[in-house]
Amino acid sequence: MTDYKLTPEDISSAIKNDEFLFFYQPILSLETGKIDSAEALIRWKKDNGELVQASDFIPYAEQTGLITEITKAMIPRFLEDLKKIIQEDNTIVTSLNVSSKDMLQKEFVPTLLKLINDSGIDYSKIKIELTESSALTLSIERLLDIAELKAHGIELAIDDFGTGHATFEKLKNLPFNTLKIDQTMTSQAMSTPDGLTLLDHSINLAHQLKMTSVAEGVETDSLFKYLMGIGCEHIQGYYISKPLDLSSFIEFINNKPDWNIMQHGQVYRAIIDFVDWERKIYSSLYLESENMRIVEFEADNSPVGMFVFEVSKTVDVELYHKLTTSYKKSHEVAKILLNAKSSGDQNLIKKLLPAFFETCGTVSALLQNAYSKECQNGLLRHTSFRK
């Protein structure tokens, strides 16, 4: 197919004859060991049975602008497929890739929302993916459209991260939930130390942006274990499954595949978050502005607080109790310190600082204990973590 010269008539004919269809690639949660999502990947099944990969026709469709016609024709197919998937497993969230040219159409988002509403499908079961380059070029009007999708409960993902030039400053203002790291970055990561550093940085960036990380193109057990160890939340690739036609995908999820997941990566992330929180509390105490606070306050609602409470449930009951009690105490002391800073009470700060650092030291030690136990338990199990 690669050597075949496409024409607009080929694409139009394929749309008319209903030759396009979706394959679905499962996505594994590294927090639960369950398949909780999938990506819809378009294929072209010709009259002679030949299955054409997206890379052989999507670039041409993008170039000619026919991609908008394909998307328009395929949304109803996607929703019909999704009904069948949800009927088998209503926990699955399924992604649909959207082109920047689709987003340029003023009627695209209103039409999409109407079709979803008419289908009766819960908005939260759908994720819209835009490539990094497309997301960075959205106009104000199209950003408002994206915000409207999110307001309806549709998840939003930046796809192929690492292929463009996104920075923290650019990404933090985009209303996306998920950062999907491009398969080129993940597949080459194990080749060099620099590759692993770049992968680590990308996972950390997603975490700082409060976005879920998904590593694409995972094909080896070593990469799977490494991503699990640095706190990546989801992986996608041939290690889990190749893209499957609808019936095969439904059979796959009905078999309820389960991966033996270690939680050491999540505890590792909690350790980093807590140390960062402790640093920000201390930094707030010597900032010139009396009311300047650079850290979220409430133990239960701060990102690090919710994260610690979640991962601590993976350890034994006694350690969990000690960890949550010490963690809440550290927050209560931090509140008093920051209020003392606001009121200019330096004597109170001086008296409480030792107790603050002592409590923080207890939390860090307990988290390290949990991390060591989880690592040890994992290594004492099989060399393969896959069931």
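**Entry 1. Aromatic pairs**

I searched the whole structure for aromatic pairs and found 14. I counted rings of Phe, Tyr and Trp (its six-membered ring) as paired if their centres lie within 6.5 Å, with planes under 30 degrees apart taken as stacked, over 60 as edge-to-face and the rest as tilted. I noted that this is a predicted model, in which local features need pLDDT of at least 70, side-chain atom pairs count only at pLDDT 80 or more, and totals for chains, interfaces and linings use all residues. Residues are numbered from 1 along each chain as its sequence is written, and side-chain values use heavy atoms, with hydrogens and water left out.

I then examined F224 and Y239, which form a stacked aromatic pair at 5.0 Å centre to centre with 25° between the planes. F224 belongs to helix α11 (residues 221-229) and Y239 to the loop between β9 and β10, so the pair ties together parts that are 15 residues apart in sequence.

Are F224 and Y239 buried or exposed? I found F224 buried at 0% relative accessibility, and Y239 buried at 9%. My cut-offs were under 20% relative accessible area for buried, over 50% for exposed and partly exposed in between (1.4 Å probe, protein chains only).

I looked next at the rings of Y282 and Y286; their centres are 5.5 Å apart and their planes stand at 75°, so I recorded the pair as edge-to-face. Y282 is partly exposed, with a relative accessible area of 39%, whereas Y286 is exposed at 55%. I placed Y286 in the loop between α13 (264-285) and α14 (303-312).

Both tyrosines belong to a cluster in which ring pairs link F274, W277, Y282, Y286, Y327, F356 and F357. I also noted that Y282, Y286 and F357 make a nonpolar surface patch of about 330 Å².

**Entry 2. Strand β1**

I turned to strand β1 (residues 20-29), where 10 of the 10 residues are buried, so the strand is largely enclosed by the rest of the structure.

I checked the partners of β1, taking two strands as paired if DSSP finds at least two bridges between them. Nine bridges join β1 to strand β2 (residues 35-45), and the two run antiparallel. In β2, A38 is the bridge partner of P26. The hairpin formed by β1 and β2 has five residues between the strands, and G33 in the turn has a positive phi of about 75°.

β1 also pairs in the antiparallel sense with strand β9 (residues 234-236), over three bridges; there the partner of I27 is Q236. With strand β10 (residues 244-245), β1 pairs in the antiparallel sense over two bridges, and Y24 has L244 as its partner.

**Entry 3. S241**

Finally, I located S241 in the loop between β9 and β10. I found S241 buried, with a relative accessible area of 7%. What does S241 contact, leaving aside its neighbours within four places in sequence? I recorded Q25, P26 and F252, with contact meaning heavy atoms within 4.5 Å.

Methods
Helix = DSSP H or I, 4+ residues; strand = E, 2+ residues; numbered from the N terminus. Patch = residues over 30% accessible without salt bridge, like charges linked within 9 Å, V, L, I, M, F, W, Y side chains within 5 Å. Areas by Shrake-Rupley, 256 points an atom, 1.4 Å probe, with all protein chains shown as cover. Salt bridge = Lys/Arg side-chain N within 4 Å of Asp/Glu carboxyl O.
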